[in-house]
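Please look over the chain below before reading on. The report then goes through its parts one at a time.

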Amino acid sequence: LRDNRIELVRASWHELSISVSDVSLSDEGQYTCSLFTMPVKTSKAFLTVLGVPEKPQITGFTSPVMEGERMQLTCKTSGSKPAADIRWFKNDKEVKDVKYLKEEDANRKTFTVSSTLDFLADRNDDGAVVSCRVDHESLNSTPQIAMQVLEIHYTPLVKIISSNSWPEEGQSIILTCESKGKPV
């Protein structure tokens, strides 16, 4: 192997060691060590190179969203080998019913993985944190996470609150009109 990334670490009668720096996907394959005795003895090993997924991106969110509108958020990551796993969470609770798509990248070695979260905007989701989590064996149990805070606008609910539920004649009462909506 003639490559300036490959360095001879140890060469003795008993051992021959090399190190490969800046490993790329093209380094994957079978490596052979030969001992030139009579007959020649060889040992083979297959090197598997993992493709590290890019940091995920969430697209499809336009702020603000009106309550009742359909929201489609897509999370995408490229460059994983094997294909990365994508999971969605809303306020740290996993959302299970999602679409998952795996496509081969142009290099035909790695994958682009995307997942779409499809739901109707609800006032209770205002301020919720939606996160997309990418897990992959190359990440050493430290997932990559993209986050999006939801802003939902909704029509006001109006109610009148009385200071006294059963007022008697001659008493004063206070009536309060309360409205909760976004924007205020």
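Which two residues form a disulfide, and how far apart are their sulfur atoms? In this predicted model, the pair is Cys75 and Cys132, with 1.8 Å between the two sulfur atoms. A disulfide is a covalent bond between the sulfur atoms of two cysteines. The structure holds 1 such link. The link of Cys75 and Cys132 is left-handed, with -65° about the S-S bond. Distant parts of the chain are joined by this pair: Cys75 belongs to strand S7 (residues 70-80) and Cys132 to strand S12 (residues 129-135), with the two cysteines 57 residues apart.

**Division of the chain**

Two domains are assigned, domain 1 covering 4-45 and domain 2 covering 55-152. Between the C-alpha centres of domain 1 and domain 2 there are 41 Å. A UniProt annotation from an unreviewed entry, "domain: Ig-like", covers residues 56-148. That span, residues 56-148, is 57% strand and 0% helix. The C-alpha atoms at the ends of residues 56-148 lie 12 Å apart.

**An open sheet**

Three strands make up an open sheet with mixed pairing, in the order S6-S14-S15. Strand S6 (65-66) and strand S15 (175-182) are at the edges; each has a single partner strand, so one side of each has no neighbour in the sheet. The pairing of S6 with strand S14 (residues 152-162) is parallel and runs over 2 bridges. Met66 has His153, in S14, as its bridge partner. The pairing of S14 with S15 is antiparallel and runs over 7 bridges. Here the bridge partner of Leu157 is Lys180, in S15.

**Pockets**

| Pocket | Volume | Lining by class |
|---|---|---|
| Largest pocket | About 370 Å³ | 8 nonpolar, 3 polar and 1 charged residues |
| Second largest pocket | About 260 Å³ | 5 nonpolar, 5 polar and 2 charged residues |

Which residues line the largest pocket? They are Leu1, Ile6, Leu16, Ile18, Tyr31, Thr32, Cys33, Ser34, Phe36, Ser43, Lys44 and Ala45. Strand S2 (16-20), strand S3 (29-35) and strand S4 (41-47) each give at least two residues to this lining. The largest share, 4 residues, comes from S3.

The lining of the second largest pocket consists of Ser12, Trp13, His14, Glu15, Leu16, Cys33, Ser34, Leu35, Phe36, Lys41, Thr42 and Ser43.

**Points along the backbone**

What is the phi of Asn91? Its value is near 50°, which is positive in a residue other than glycine. Asn91 sits in the loop between strand S8 (85-90) and strand S9 (93-95).

**Review**

To go back over the chain, domain 1 covers 4-45 and domain 2 covers 55-152. The disulfide joins Cys75 and Cys132. The open sheet has the order S6-S14-S15, and S3 supplies 4 residues of the lining of the largest pocket.

Key:
Residues are numbered from 1 along each chain as its sequence is written. This is a predicted model: local features need pLDDT of at least 70, side-chain atom pairs count only at pLDDT 80 or more; totals for chains, interfaces and linings use all residues. Side-chain values use heavy atoms; hydrogens and water are left out. UniProt positions are given in the numbering used here, feature names are shortened, and annotations may be inferred rather than shown by experiment. On a 1 Å grid over the protein atoms alone, a cavity is a set of points where a 1.4 Å probe fits but cannot get out, and a pocket is an open set with protein on both sides within 12 Å along at least five of seven lines; lining residues have an atom within 4 Å of a point. Grid points are joined across faces, edges and corners, and a volume is the space filled by probe spheres set on the points. Ala, Val, Leu, Ile, Met, Phe, Trp, Tyr, Cys and Pro count as nonpolar, Asp, Glu, Lys and Arg as charged, and the others, Gly among them, as polar. Domain bounds come from an automatic or database domain assignment. Two strands pair if DSSP finds at least two bridges between them. A disulfide is a pair of cysteine sulfur atoms within 2.5 Å.
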